[in-house]
Amino acid sequence: KYSPEGMEEAIVDKSPIIDQIMIYNNQNPYTIALVVASKENLNRQLDDEGLKGDERYREAAKRIGAEIAKYRSGGTYADEFPDRWVPAVIALADEPFTEQNGLVNSTMKVVRNKVEKHFSEAIAHAYTPEGKAIDNARNLEALKRILG
């Protein structure tokens, strides 16, 4: 048992391309992260490199994966959390957590049960063989919606 909020805060604070994150396990075989990409910062990076089309979204997914990998053994922040706590798989959200969609409360705290319900399909997909790949079709579609 652990409280994921500290890890979530650390990741958001240290990553310019992750705006929001929810760590999820709920007695599953491995932990996942539901990530909301930073539209502004990620688009700026991808525009600077002239990336277009599918290549743009695959590169965005890869960069988000690299941000989480920094917390794994050998990564920049590997000593911050036990390796077993670090998400093994990343599901990308296709919209931010906001007060309007009920996914954060008035103090901007994530309402975990509502996020779990709202993104239940994305979470379930992360526990499938295809869902384990950061550049799976569902994640690329989510990035297309987020990045515009």
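Let's start with one pair of residues. I21 sits opposite V35 of β2. Keep in mind that this is a predicted model.

That pair brings us to the strands. β1 and β2 run antiparallel to each other, joined over six bridges. In general, strands of a sheet pair through backbone hydrogen bonds, parallel or antiparallel.

Now the whole sheet. How many strands does the open sheet have, and in what order? Three, ordered β1-β2-β3, and the pairing is mixed. β1 and β3 are the edge strands, and each has a single partner, so one side of each lacks a neighbour in the sheet. Ignoring direction, neighbouring strands are turned by 30 degrees against each other on average.

Next, the helices on this sheet. Helix α3, residues 53-69, packs on it and touches β1, β2 and β3. The direction of α3 makes about 135 degrees with that of β3. Then there is helix α6, residues 137-147. Helix α6 lies across β2 and β3, and runs at about 40 degrees to β3.

Last topic: backbone angles. Most residues other than glycine have a negative phi. Two residues here deserve a look.

Take Q27. Its phi is positive, about 65 degrees, and it is not a glycine. Where is Q27? In the loop between β1 (18-24) and β2 (32-37). Buried or exposed? Q27 has 72% relative accessibility, so it counts as exposed; the cut-off is over 50%.

Now M108. Again not a glycine, again a positive phi, here about 70 degrees. M108 is in the loop between β3 (89-92) and α4 (112-118). M108 counts as exposed because its relative accessibility is 52%.

Methods
Residues numbered from 1 in each chain as written. Predicted model: local features only at pLDDT ≥ 70, side-chain atom pairs only at ≥ 80, totals over all residues. Heavy atoms only, no water. Helix = DSSP H or I, 4+ residues; strand = E, 2+ residues; numbered from the N terminus. Buried < 20%, exposed > 50% of the residue type's maximum accessible area, 1.4 Å probe, protein only. Pairing = 2+ DSSP bridges. Axes fitted to C-alpha atoms, helices over the stretch in contact; angles between N-to-C directions. Contact = heavy atoms within 4.5 Å.
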